[in-house]
Amino acid sequence: MEQANMEHAEDHGLHLTPEQEYGISKLGMWLFLGTEIMLFGGLFAAYAIFRAKYPELFLESHQELNREMGAVNTCILIFSSLTMAIGVTAIQRGKQMLAGIMILVTIICGLGFGVVKYFEYGAKFAHHIYPDTNIFFSLYFMMTGLHMLHVFIGLAVLGVIMVLTFKGKFNEKYSTPVEIGGLYWHLVDLVWIYLFPLLYLVG
Amino acid sequence: MANHTIANNVYVPFLEQKGFLSWFLTTDHKRIGILYLISISLFFLIAGILALLMRFELMTPMSDFVSPHTYNVLFTLHGSLMVFFFIVPGLAASFGNFLIPLMIGAPDVAFPKLNLASYWIYLVGTIITLYALLSPADTGWTFYTPYSATTDTDVVMITFGVFVLGFSSILTGMNFIVTIHKMRAPGMTWHRLPLFIWASYATAVLQLLATPVVGITLLMLIAERSLGVGFFDPAKGGDPVLFQNFFWFYSHPAVYIMIIPAMGVISEIIPVFSRKPIFGYKAIAYSSLGIAFISFLVWAHHMFTSGISEVAATIFSFLTFLVAIPTAIKVFNWIATLYKGSIELHSAMLYALGFVFLFTIGGLTGVFLGALAADIHLHDTYFVVAHMHYVMIGGTVMGFFGALHFWYPKWFGKMFNESVAKLSWFLIFVGFNVTFFPQFFLGIQGMPRRYATYPEEFESLMALSTYGSWILGLGVLIMTVNLIKGLYSTEKAPQNPYGSLSLEWQVPSPPPTLNFEEIPTVTDWTYGYGKKKEVDA
Amino acid sequence: MSEHTHSEEKHITSYKAYFIVWVVLMVLTFLTVYVSYFDFGQLNIVVAMVVASIKAGAVALFFMHLKFEDPITWLYALFPIGLLFLLIGMTIVDTFTRIFPL
Ligand code: HEM
Ligand SMILES: [Cu+2]
């Protein structure tokens, strides 16, 4: 009886065409990206206020950050955005192998970003710089930490999508999850595009 | 038993399946609505009992029933549970889930699995918060710094619980926006939508875009306590008022997350029981969006005495008056709908009328508070307590009870006892006013909120308020028993007991699992009651 | 479902277009790092934010295909940014008129 019920429960549901699902999922993802903007927004607002209040502190502290490492990470993320975008086009054209490889490269870039970040954090701790050192570093650790969390979530999502891509689940007729995952990954890039100059370049 | 039900053309009420998993794993929006309904009702009752305890303490000037610290814990829990666990998910998650697909002619919401996930996230947030009760916080539901950053009680856990709940709210909002955009039945144009849908849409936008800000604020508070950062600590260069700025950037829109769905409910009930087309359909529809938008612009009216600048206070006081415009538009249109209608005083209609009356008082006193000079005197007094309860109980809870009585036959396919329902309405209405009206006077005379003790001269009004809370509690108790008893009644509800024109009443009660045998085609707006037809619908 | 009767024509961006966008992004990255070694005083942040916004715009428009999306998507892409400016703007107004009353 329990068994039958469960099947029935699964039986209920929406039967949408792939096109419908495409439009619905894409709008849903964009809405979610709006949420993400507001989530990071609180930290950006705090940054704006405290930077305006303590320009010297920000100027001094930001020089402790490693501009080169930040720049390298920026290049890595931008490149990963490119490979992600190519992956989307590839699957839209039905090229499953190429798409899978592109997603794989994206994931490798994401991991590389994490490794660089790991060394950066390590260097900070070695210099006895912690989140409670001053407001600038509080913001630095919270902003990059929250961003890092998004990178990890993105990697997990892309990992699943990659496996499904290699398994041949997606093609030119149905590529929605790849595109949705791609949108999320680009957001991770977008946030970093602002974090990099704010934290590393102008402080 | 389960097998023969799967065939498509047989009517299977959505309540038919039994068993824990059939609920826990359901992706049916109607069942998820019930899950929310049960959860929020439980929290409403628990937090209500806490309130009765507080009122009992306040019967006498001394703190003789509970210690001042316990009193602080009581109002913190009462506020947090009522706000984050009951009234914010509230109508949106319960009735929103049940009604949106039915009203727009869709088989389900756009993301049924995500819908279930939202409910699970709500449960996780609940569990975390229950764990936090081991050392309950005493900060008030607003978690203001610097106190929340320094108190010995467990602020981290309860704020983390609220943070998690936030995601439930965000995902629900996202789901509803997409549903309303993409899942409407053929012919269901924007200007034919029931007003509850417009209200739900406006609410969903607020859930989607305001909630993340309180999320990050609470994360910053958690970092403040656990990592020693100093965003809100002046000793470390931070600013405690910044917390309030961020908190109210969410929490003012959040009061509209609470009230807009209730306004939607009222806009459904009034035309049905006046047998008249709703007056000013477009004005009501667009004023929902207007309220949602303006609610982003007024947050600092909660902070006039917190040390914000005079410039900011003046700007926000001015902007606050703008909220009154779309609000008043709605009230006038409801009254115009009632005018010369053939009114039937069904219990749901009584709640709707109660809403219009009490919410108007609540809204007007809000305008007093929004006036900078008046608020300097009234801030953090019982006047604010009375204001918020007039809008939240007199408004949202009246709307919630109204919705319960109105859609009960549709939802459960059963009837409750109408006379008992009317009696409980009467007790709730009277009890509510006796409880909270005196608090306006207490506030004007300077009685501050959040104290377990008070000067002797306030004793008579305070005691009166406590007596009122007993009447109110009794009313809620009778209503609850009546509604639960109704579930076991043998009287089956007809498909459309009130002759409503809205789509959810055109399917059997309770609705079949798949909502509609065939997706309907809509040819007219929802409010064509009586002979008159709205020309521009 | 009303909005789906006209089928969603998918726009597929070419690999070449992506490469061009990528080159632009890299040039801008190089530029913003390069100028950060010079001091323009107050203008530093302005330059950095302008460059970042061009980059963000390129990512959104092309990588994320915003250019080909419907008005609703545009609305929900832009509205949060407006809200963010509101949050930042009004909080700054508050903070600074506390220090320098008008
Ligand atoms: C015409 C519309 C409204 C106006 C102008 C208004 C204005 C205000 C103002 C100025 C305050 C701050 C008072 C103070 O702390 O000194 C306030 C407090 C409050 N309002 Fe309203 N309000 C309105 C509607 C609502 C609605 C619809 C709700 C909820 C459903 C609501 C819930 C609250 C709550 C909960 C508080 C107290 C928050 C706290 O400090 O704990 N208000 N209102
Ligand atoms: Cu407010």
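1. Across the interface of chain B and chain C, the rule finds 6 residue pairs in polar contact, both residues at pLDDT 80 or more. A polar contact is a pair of N or O atoms within 3.5 Å; within protein, one must be able to donate a hydrogen and the other to accept it, and residues adjacent in sequence count only if both atoms are side-chain atoms. On the side of chain B that touches chain C, the elements giving two or more residues are α7 (155–182), α8 (195–226), α9 (240–274) and α11 (310–338) of chain B. Helices (H or I, at least four residues) and strands (E, at least two) are DSSP runs, numbered from the N terminus. That side of chain B divides into 23 nonpolar, 4 polar and 3 charged residues. Here Ala, Val, Leu, Ile, Met, Phe, Trp, Tyr, Cys and Pro count as nonpolar, Asp, Glu, Lys and Arg as charged, and the others, Gly among them, as polar.

2. The model is predicted: local features need pLDDT of at least 70, side-chain atom pairs count only at pLDDT 80 or more, and totals for chains, interfaces and linings use all residues; side-chain values use heavy atoms, with hydrogens and water left out. Residues are numbered from 1 along each chain as its sequence is written, while chains are lettered from A and ligands numbered from 1 in the order in which they are written.

3. The contact (heavy atoms within 4.5 Å) between these two chains takes 30 residues from chain B and 20 residues from chain C. About 2,200 Å² is buried between chain B and chain C, and carbon and sulfur atoms give 70% of this area. Buried area is the accessible area (1.4 Å probe) that two parts lose on being put together, summed over both. The count between chain B and chain C is 1 salt bridge, and Arg98(C) forms a salt bridge with Asp239(B), with the closest N and O atoms 3.3 Å apart. A salt bridge is a side-chain nitrogen of Lys or Arg within 4 Å of a carboxyl oxygen of Asp or Glu.

4. Between chain A and chain C, the contact takes 53 residues from chain A and 47 residues from chain C. The area buried there is about 4,500 Å², of which carbon and sulfur atoms give 77%. Trp30(A), Ile78(A) and Leu82(A) supply 14% of the area that chain A buries against chain C, more than any other three residues.

5. The structure holds 7 salt bridges over all chains. Glu69(C) forms one with Lys26(A), the closest N and O atoms being 3.2 Å apart. This pair crosses between chains, from Glu69(C) in the loop between α2 (43–63) and α3 (71–99) of chain C to Lys26(A) in helix α2 of chain A.

6. For the interface of chain A and chain C, 6 residue pairs are in polar contact (both at pLDDT 80 or more). The elements that give two or more residues to the side of chain A that touches chain C are α2 (18–53), α4 (67–92) and α7 (176–201) of chain A. Of these, α2(A) gives the most, with 21 residues. By class, that side of chain A has 32 nonpolar, 11 polar and 10 charged residues.
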